[in-house]
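Got a minute to see what stands behind a few structural labels? Here is the model to look at.

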Amino acid sequence: MTGSADRPGGPPRTVVALPAALRRELFAPGVWERLRAVADVTVVDAHSDRGALAAALPGARVLVTGWGTARIDGELLAAGDRLELVAHTGGAVSPYLGAELFARGVRVTQAGAAMARPVAEVALAFTLALLHRVHRFDHALRSGLDWETASVAPPRHEILDCPVGVIGASRTGRAYLALARALGARVTVYDPYLTAADAAELGVRQVSLDVLLAESRVVAVHAPALPETRHLLGRRELALLADGAALVNTARSWLVDEDALLAEVRTGRIDAALDVYDAEPLPLGHPLRSLPNVLLTPHQAAATVQGRLALGESTVAEIERFTAGRPLLHGVGAEALDRVESAEASAAEASAAEASAVEASAVEASTPHPHPRTEL
């Protein structure tokens with residue numbers, strides 16, 4: 001740990017609870033110098049060590065958190081006697097912050113908006129790969145099939161004039177649909193909170209979920225993880241997809257019934273590209289790993305060099321606003337935290353119920369594992 005006590009009248013003492021490797025990914029040298037220009041920085045490399053964090057918090061007014069930082073509950077909050085702002089370098093804050101923080105009036109900001117572009121680009125890359133069946137050809141050639149056999153695939157399509165459905169006009173959803181529209185796709189959106197004026201401004205057509213699923217050649221999921229979006233796409237909904245259609249999920253496995261999706265892709269009727277799973281890491285023997293019509297990545301959609309640097313830039317910009325007395329651009333309120341925590345609590349309850357049923361029937365089950373990239 002490095003740093004000093006907050007000087008009266010000086011810059012706010014700011015605890016950066018991130019290991020060195022992650023700090024290098026998040027903060028460009030110039031951005032780190034901007035932080036040091038407005039804050040008296042204390043670094044905690046052992047960011048998951050509650051003792052180390054408790055020792056650093058007294059007198060600190062700002063705390064910077066990230067993936068793996070110890071959860072700031074009542075005990076650690078007691079050590080942070082002067083804490084005024086928590087700046088999270090990721091998207092979801094619920095795994096790291098408790099309700100006690102908001103009850104005490106500590107402000108919270110997060111950098112999730114910076115993830116929209118890289119995740120949207122991966123979703124677009126998935127879309128193009130699925131349309132052209134790139135994943136099927138790659139699997140066929142790598143599995144040792146002869147050239148002629150490996151050349152056989154379902155009909156391929158271009159994205160120009162392709163009917164693409166977007167579930168959720170979130171930050172990432174909007175970034176994705178802009179990219180898809182720029183390449184000539186005909187985009188429809190299902191989002192009960194999207195106004196007609198917003199849809200018109202985005203240049204998309206609003207439809208019901210059932211219509212979107214039935215009419216789209218590619219469906220991209222970009223909705224947030226909320227209690228009401230748990231398994232938004234189940235057996236009934238997935239059955240509405242046309243033969244040869246494809247599903248892209250770079251958001252949360254929470255949104256799609258994985259068992260129902262597995263049943264559909266096993267038939268070969270539809271294709272899928274996934275970056276998120278109920279069980280992470282995805283078990284080595286998981287059936288999704290061996291299917292030729294499924295494209296998989298290990299929950300890395302947001303992890304570009306530029307994306308990580310954008311997270312750091314966003315975080316430092318918020319701290320600069322805080323020190324200057326200006327409003328935060330990406331503040332998170334207690335209501336949003338409660339909604340996300342309710343979703344995760346529901347997932348835990350569902351997992352417990354599944355585990356009980358599995359124990360009774362001696363059938364293996366997986367436990368949903370929400371990822372800290374929830375969009376708030």
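Predicted model: local features only at pLDDT ≥ 70, side-chain atom pairs only at ≥ 80, totals over all residues.

Residues are numbered from 1 along each chain as its sequence is written, and side-chain values use heavy atoms, leaving out hydrogens and water.

Q: Which residues of helix α2 are called buried?
A: V31, W32 and L35 in α2 (residues 29-38). Buried means under 20% relative accessible area, exposed over 50%, and partly exposed in between, with a 1.4 Å probe and protein chains only. Helices are DSSP runs of H or I with at least four residues, strands are runs of E with at least two, and both are numbered from the N terminus.

Q: Why say that the buried residues of α2 line one face?
A: Seen down the axis, they fall within an arc of 100° (taken from the directions from the helix axis to the C-beta atoms), so they line one face. On the other side, P29 and A37 are exposed.

Q: What do the buried residues of α2 pack against?
A: β1, α1, β2 and α14, where contact means heavy atoms within 4.5 Å.

Q: What makes β1 and β2 a pair?
A: Pairing takes at least two DSSP bridges between two strands; β1 and β2 have four, in the parallel sense, so they count as paired. T14 has V41 in β2 as its bridge partner.
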